[in-house]
Amino acid sequence: MNFRFSILFIIFLAIGIFLSPPSLFVQGDLWRRVDDGLFLGEFVAHDITIIRIDPGYYSFKLLCASERGNIRMPVRKWCQRYNLISAINAGMYQKDGIKNVGYMRNFSHINNPRLNTRYKALLAFNPIDESLPEVQIIDMKCQDFEKLKDRYNTVIQGIRMTSCRQENVWQRQEKKWSISAFGIDRKGNGLFIFAESPISVHDLTNILLSLPISLYNAMYLEGGPEASLYFSANGIEFEKIGSHETISKEENFSKVARSIPNVIGIVKREK
């Protein structure tokens with residue numbers, strides 16, 4: 001009887017796993033290791049790609065067209081020209097096609113000197129001393145930006161998706177589009193986040209908070225056709241291009257990468 005019971009238990013367990021919602025399957029082999037400190041997560045059920053970057057192994061770089069002859073390029077070309085392993089949008093830009101919508105500084109170069117009072121998140125990296133995290137999203141609701149802004153060489157302003165208490169702070173909305181975002185997990189890793197299928201930012205934020213990625217906070221970068229992500233390392237290469245909700249199937253297959261003025265990229269740290 002014990003043997004028969006064991007066989008039945010295994011069968012019922014297998015049936016239960018087969019019928020489980022897709023989100024449960026991310027609990028297992030969540031991350032695909034690409035290299036030391038570099039992991040790829042693909043959440044097929046939500047059409048979300050995440051690159052997890054350990055800042056102990058990789059340096060973050062801000063590349064601006066305003067610092068490089070005002071030349072805009074698709075994210076793939078930014079990577080190829082400047083030997084970046086991966087890159088994503090550095091944020092939304094103004095009508096001039098060059099300036100960030102909020103404050104943006106890269107060492108001595110100022111892309112936009114004005115702090116946007118509506119945006120409450122600032123991505124900061126390249127710290128001036130070792131007492132600071134290599135990369136963080138400064139939450140102006142919880143942290144003193146005035147004390148921190150000059151302690152980092154690179155600062156990029158954007159819109160909060162989550163609070164420092166891991167709460168969704170984006171209002172509900174009907175509009176949907178592809179989204180690129182930047183996240184920080186609880187271990188201090190940087191996350192390049194790309195949602196290819198059109199989705200509301202509110203819903204994406206809820207999904208990111210529900211995934212087992214230990215998300216600490218996140219900042220919105222770009223949406224729609226301009227949203228871009230490129231990756232190439234150890235035989236794995238892909239380019240993600242965004243779209244609007246209303247894009248047709250024919251347009252979806254013929255998506256062309258947009259030229260963008262500012263990107264966040266990564267390179268290996270020198271040993």
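Contact here means heavy atoms within 4.5 Å. The structure is a predicted model, in which local features need pLDDT of at least 70 and side-chain atom pairs count only at pLDDT 80 or more, while totals for chains, interfaces and linings use all residues. Residues are numbered from 1 along each chain as its sequence is written, and side-chain values use heavy atoms, with hydrogens and water left out.

**Exercise 1. Describe the surroundings of Ser-163: where does it lie, and which residues does it touch?**

Step 1. Ser-163 is located in the loop between strand S10 (152-160) and strand S11 (177-185), where strands (E, at least two residues) and helices (H or I, at least four) are DSSP runs numbered from the N terminus.

Step 2. Setting aside residues up to four places away in sequence, Ser-163 touches Asp-139, Val-169, Tyr-216 and Asn-217.

Step 3. The relative accessible area of Ser-163 is 4%, so this residue is buried; buried means under 20% relative accessible area, exposed over 50%, and partly exposed in between, with a 1.4 Å probe and protein chains only.

Step 4. A polar atom of the Ser-163 side chain lies 3.1 Å from the backbone nitrogen of Arg-165.

Step 5. The loop between S10 and S11 also holds Gln-166, which has a positive phi of about 60° although it is not a glycine. Asn-126, in strand S8 (residues 121-127), likewise has a positive phi, near 60°, in a residue other than glycine.

**Exercise 2. Find the disulfide: which cysteines does it join, and which parts does the pair tie together?**

Step 1. A search of the whole structure, taking a disulfide as a pair of cysteine sulfur atoms within 2.5 Å, finds 1 disulfide.

Step 2. This disulfide joins Cys-142 to Cys-164, with an S to S distance of 1.9 Å, and the link is left-handed, with -65° about the S-S bond.

Step 3. Cys-142 lies in the loop between strand S9 (135-139) and H3, and Cys-164 in the loop between S10 and S11, so the pair ties together parts that are 22 residues apart in sequence.

Step 4. Cys-142 is partly exposed at 38% relative accessibility, whereas Cys-164, at 17%, counts as buried.

**Exercise 3. Characterise the largest nonpolar core: how many residues has it, and which have the most contacts inside it?**

Step 1. A nonpolar core is a set of buried Ala, Val, Leu, Ile, Met, Phe, Trp, Tyr and Cys residues joined through side-chain atoms within 4.5 Å. The largest has 33 residues, and those with the most contacts inside it are Leu-38, Phe-182, Phe-192 and Ile-264.

Step 2. Strand S4 (residues 58-64) gives the most to this core, with 4 residues.

Step 3. Apart from this core lies another, of 26 residues, which includes Phe-43, Ile-48, Ile-199 and Tyr-220.

Step 4. Residues up to four places away in sequence not being counted, Leu-38 touches several residues, among them Ile-51, Arg-52, Tyr-58 and Phe-231.

Step 5. Arg-52 in turn lies over the face of Phe-39, at 4.4 Å from the ring centre, where a charge sits over a ring if NZ of Lys or CZ of Arg is within 6 Å of the ring centre and within 35 degrees of the ring normal.

Notes:
Polar contact = N/O pair within 3.5 Å; in protein donor to acceptor, adjacent residues only side chain to side chain.
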